[in-house]
Amino acid sequence: MTWIAIGSVTDIPPRGARCVATPQGKIAVFRTADDQVYAIDDHCPHKGGPLSQGIVHGAAVTCPLHNWVISLETGKALGADEGSVRTIPVKVEGERLFIALEALASKAA
Amino acid sequence: MTEKLVIIGNGMAPGRMLEHLLEAAPDRYAVTIFNAEPRVNYDRIMLSPVLSGEKEFEEIVIHGDGWYIKHGITLYKGHRIVAIDRDAKTVTSDHGVTESYDRLVIATGSVPFIIPVPGKDLPGVLSYRDLDDVNAMLLAAQSRAKAVVIGGGLLGLEAAAGLKERGMDVTVLHVMPTLMERQLDPAAGYLLQKAVEARGIKVMTKANTKAIVGNGKVEGVELMDGTIIPATLVVMAVGIRPNSTLAKDAGLEVNRGIVVDDRMQTSDPAIMALGECAEVGGHVYGLVAPLYEMARVAAARLTDGEDKRFVHSDTPTKLKVTGIDLYSLGDFADGDDREEIILRDASAGIYKRVVLQDNRIIGTVLFGETADGAWFNDLKKKATDISEMRDTLIFGQAFQGGVSSDPLAAVAALADDAEICGCNGVCKGKITGAITAKGLTGLDDVRAHTKASASCGSCTGLVEQLLKLTLGEAYNPAAVQPMCGCTSLGHDDVRRLIKAKGLKTIPAIMQELEWKTSCGCAKCRPALNYYLVCDWPDQYADDYQSRFINERVHANIQKDGTYSVVPRMWGGVTSAGELRAIADVVDKFDIPMVKVTGGQRIDMLGIRKEDLPAVWADLGKAGFVSGHAYAKGLRTVKTCVGSDWCRFGTQDSTGLGIRIEKFMWGSWTPAKVKMAVSGCPRNCAEATCKDVGVVCVDSGYEIHFAGAAGLDIKGTEVLGLVKTEDEALEVIVALVQMYREQARYLERIYKWAKRVGTAEIKKQILDDAEKRRAYFERFVFSQKFAQVDPWSERVSGKDKHEFRPMASVGFAEAAE
């Protein structure tokens, strides 16, 4: 598995998200209140809303378009909604952040 | 190999069938659905609450798009199947899609019956069947004009009540002497008519429609006796008939509906039918309970599971009009071998009738008090001999055998297999079992896990009693609606405690008020952030991560993730220079759409998030600031040209509008605030449907408030008349500050005013000069911290991280 550096944890505001642009679309990288970092596709399973723009609470994000709540850990919709989004492995070394490339390639295949 | 299952129709019956099927054999079929309606499966029974405004469409969706994706089901929305080729085993849609099947299920539902009178095709004549009909009715209702509903049955009365609720003047025409004569005896029909009329709906019985009249569109309904009732909307709700044309064309056996055996099999062994289009044992059905039973049977057949057979049973009828309680079941016609027990209480508007044959209940009509419906239904189903309790039977279960008259005791006394939810066939034992086993604590939990009370909702009271019974003291039937799942406190309590305990940060609130989650949710955080901004303007540091994206990036997110930008144009007045600057920005950033808004502003749509700061920089150079078109805050003050130009203008409405807007811009409010100033009572600025409006008159300024022209339509209330512009400004500012301090987050002014009462608002804002002044001054103080243009802040570099990706990866590899 190839790890790609995307920047530092402090680039992302706590309870916030930033995007990473890739040829297959945007990836949303989240930082929770307790500094956990997660990465998922920036695409809500409901209507494709940009999850990186949502409000982050606990280890979940609420989509800005229609308020689906997506778990950052599993990528699955929480509550009564059904659907899921791809999760991407993240590694933190010191403050440096990496995401896994092979997971990226697998989507194109 | 996976077999191909094709379903024609995506209503409640096939939806339920798929749930059973996926539970029993998730991988057996590759499922394709063709839905003539361009949408997912929703709860058709709940269209009436959508029409009346008690629910939103989103709340009645049964299977969202995600459900189909998750289960790998192909759903063709808006595809009507036009042909079935039984030899080739294929179906073809009107868009030309052809799909082959191993098994085919026809669930085409029903079509509304349209009475064949002249004028039936005029624009403005609707039926009441699907969401499109409801949307068309809502559109027509905006005129608040006259509507005629033809048909005084279940559907017709629900439509009438909904349209009345939406502000229309409604007349119901019914051809029979009493309403709902198929479900109600004449006495109950009479009581129902009185209850319907008490809501301001006119009812004409024995009214035979001769024609629908109008030139190019509906203008009225003409009766056989020559009476013409004026109307701009006519709703035909005289009944439905099974939609069996497709099956008939395919050569299947069709009678009233598509003929199926008691395992939902049509005359072709590869084809099944269910729902309202199916005819089983000579019956066709229109209520949900038997349709769900068909779904169970059909799923069992498709999985070659348990040998289930459809058995006819009577389904109770309930009317879904808030405030009218009505229950009817079984056969209640008079007969020589039948006896009846009747209870009437004229002053309380109660009528109960139980029809007996051989000491067993065969029919029940309840009006005004329907709590015992489930019990009577149970006695009927089990054919219980009631001779022992005959004397007290009509008083209901609470009066039997020394059981106290406590309604809880009545529910407690129900047998475990007594049906509670008729729509979904859920019995008492299943509900109490789920409450205990899964640790359910509220109504929503029970709905999610058992489906009880999740369709028409008329058994909600019973389910709540079961919760109380099972959980005892632990069940708190939400006397106060909590803000969200993170707390048991309501908005009002939280606002009060923020002030009382001097809580000045979100973590402090969550700690002191014992939040159940570590950092709240998307419902409570924006509310708390607003309350703190409002209550501690000089001390609280706005938490952008607790703001909805629009307020975080100061633009409106659109469905494709792009943004729209609306610069402020004070009072709706602009200039050549401003328009030129906008034109330049549109060209430079290749903005795909420019539109004039309802609030007299110019909206630029389709801007990429990364471009926002540059767009704002260019607009800023021309003197524009943010129009806050995205904010729970002051949006626009719309004006007419007033005494400056208009020959009717009484005051300088444009000037006053600009003055108000310059004074109040930047303020955050519980929900958006839209204002208008009209220069004379002709009211060209439409001030009388705004949150706050001013109508200028010769003698001064009439201040209006609490109007609405969105989800609800409501004319404003008049707060009072003041003589000068200065007074008008002070009153308006004080009113808005009172609203800022008291309302619940996302509560518009009209909803807040309804809760607090117009009299109380008048007392504090108009009559009490000292209070008014204090509100005014608190507003002025908070503006010191609020009137900062967010666009220029961001052009100068604030929140840079919001507008650019943190990295770009993988592009080099892709190019190779």
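User: What does contact mean here, and how many residues of chain B are in contact with chain A?
Analyst: Two residues are in contact if their C-beta atoms, placed from the backbone, lie within 7 Å. This is a predicted model, in which local features need pLDDT of at least 70 and side-chain atom pairs count only at pLDDT 80 or more, while totals for chains, interfaces and linings use all residues. Residues are numbered from 1 along each chain as its sequence is written, and chains are lettered from A and ligands numbered from 1 in the order in which they are written. Chain A brings 35 residues to the contact, and the number from chain B is 30.

User: Which helix gives the largest share of the side of chain B that touches chain A?
Analyst: Helices (H or I, at least four residues) and strands (E, at least two) are DSSP runs, numbered from the N terminus. At least two residues each come from helix 3 (65-70), strand 42 (807-808) and helix 27 (811-815) of chain B. The largest share is 5 residues, and the element that supplies it is helix 3 of chain B.

User: How many residues on that side of chain B are nonpolar?
Analyst: Ala, Val, Leu, Ile, Met, Phe, Trp, Tyr, Cys and Pro count as nonpolar, Asp, Glu, Lys and Arg as charged, and the others, Gly among them, as polar. The side of chain B that touches chain A has 11 polar and 4 charged residues, and its nonpolar residues number 15.

User: Which residue of strand 42 of chain B is the bridge partner of A:Val20?
Analyst: Two strands pair if DSSP finds at least two bridges between them. Strand 2 (residues 16-22) of chain A and strand 42 of chain B run parallel and are joined by 2 bridges. The partner of A:Val20 in strand 42 is B:Ala807.

User: Which element of chain B has the lowest mean pLDDT?
Analyst: pLDDT is the predictor's confidence in each residue, from 0 to 100. Chain B has a mean of 89, and strand 36 (residues 673-678) of chain B has the highest mean among its elements, 97. Where pLDDT is low, the predicted coordinates should not be read in detail. The lowest mean, 51, belongs to helix 27 of chain B.
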